[in-house]
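Subject: Structure handover

Hello,

Here is the structure I said I would pass on. My notes on it follow below.

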Amino acid sequence: MATSLSDVGRPNPRDQLGPNLRAIRRARSLTLREVAQRSRISEGWLSQIERGRSVPSIDILYRVASALDIAVHDLFQGPEQQQMAPLLEVDRPRIEWGEGGAYKTLITMRPDSAIDVFIGHFPPGASTGAAYTHGDSSEVLLVMRGTVTTTVGGLTHVMHEGSSLEYRSSMPHFLTNKSTDNATVLWAVSPPTSGT
């Protein structure tokens, strides 16, 4: 794939995760062990994340953010993004999570943002995995492409392109693409949740 001149020298937000995590941890005078214990992961794994040798799941990101008392998007915040500027699709951090090849890209990057926005990508058969919760915020799901099956608080809905659903992030929820086509959804969570 060709690289445009505008791409040269542009840092990848995903590559910034480790250095940003280390800087935030040190700014709070916390040791690797303290953050690892609060995050319920091993100290070695946290060290690998900080060194860019391991890519954490969305669940781990939420746990680490909670341990540091920040929102997930703060972990990807680079100095060049502190000024208001468009965020290109290629610069969105990609977060592998769920099952069957599902992943999210983070849209909101500013540390002072009052909302977290993610785009979720689901190949056929992919899902968010087991039902999960995070904080107690208002969460909106919008189906941008395809058809997904979502279960929130025990109620299951088949949702098509253009349909949306609002619920509390504290309610157990999960999503599956049972169709034969790719599906894309948008999640907006306000205020941002910093833990599961």
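This is a predicted model: local features need pLDDT of at least 70, side-chain atom pairs count only at pLDDT 80 or more; totals for chains, interfaces and linings use all residues.

Overall layout

The protein has four helices and nine strands. Reading from the N terminus, the order of elements is α-α-α-α-β-β-β-β-β-β-β-β-β. Of the 196 residues in the protein, 46% are buried. Among contacts with a separation of 6 or more, 68% are between residues 24 or more positions apart.

Helix packing

Two packed helices are described by the angle between their axes and the distance between the axes. H2 packs against H4 at an angle of about 120 degrees, and their axes are 8 Å apart. H2 and H4 are therefore oblique to each other. Their crossing is right-handed. On the H2 side the contact is made by Val35, Arg38 and Ser39, and on the H4 side by Arg63, Val64, Ala67 and Leu68. Sorted by class, this contact of H2 with H4 has four nonpolar, one polar and two charged residues.

H2 also packs with H3, at an angle of about 110 degrees and with the axes 8 Å apart. That angle makes H2 roughly perpendicular to H3. Here Leu32, Arg33, Val35 and Ala36 of H2 meet Glu43, Leu46, Ser47 and Glu50 of H3. By class, the contact of H2 with H3 has four nonpolar, one polar and three charged residues.

In soluble globular proteins, nonpolar side chains tend to be buried together. The largest nonpolar core in this model has 39 residues, and those with the most contacts inside it are Leu68, Leu75, Phe122 and Trp187. Two or more residues each come from helices H1 (13–27), H2 (32–39), H3 (43–50) and H4 (58–68), and from strands S3 (116–122), S4 (138–145), S5 (147–152) and S9 (183–190). H4 gives the largest share of this core, eight residues.

Is Thr149, at 11% relative accessibility, buried or exposed? Thr149 lies in strand S5. Buried means under 20% relative accessible area. With 11% relative accessibility, Thr149 therefore counts as buried. Leaving out residues up to four places away in sequence, Thr149 touches Thr156, His157, Val158, Phe174, Leu175, Thr176 and Lys178.

Regards

How values were computed. Residues are numbered from 1 along each chain as its sequence is written. Side-chain values use heavy atoms; hydrogens and water are left out. A nonpolar core is a set of buried Ala, Val, Leu, Ile, Met, Phe, Trp, Tyr and Cys residues joined through side-chain atoms within 4.5 Å. Buried means under 20% relative accessible area, exposed over 50%, partly exposed in between (1.4 Å probe, protein chains only). Axes are lines fitted to C-alpha atoms, for helices over the stretch in contact, and angles run from 0 to 180 degrees between N-to-C directions. Angles under 35 degrees count as roughly parallel, over 145 as roughly antiparallel, 65 to 115 as roughly perpendicular and the rest as oblique. A crossing is left-handed if the near helix is turned anticlockwise from the far one by less than a right angle, and right-handed if clockwise. Contact means heavy atoms within 4.5 Å. Ala, Val, Leu, Ile, Met, Phe, Trp, Tyr, Cys and Pro count as nonpolar, Asp, Glu, Lys and Arg as charged, and the others, Gly among them, as polar.
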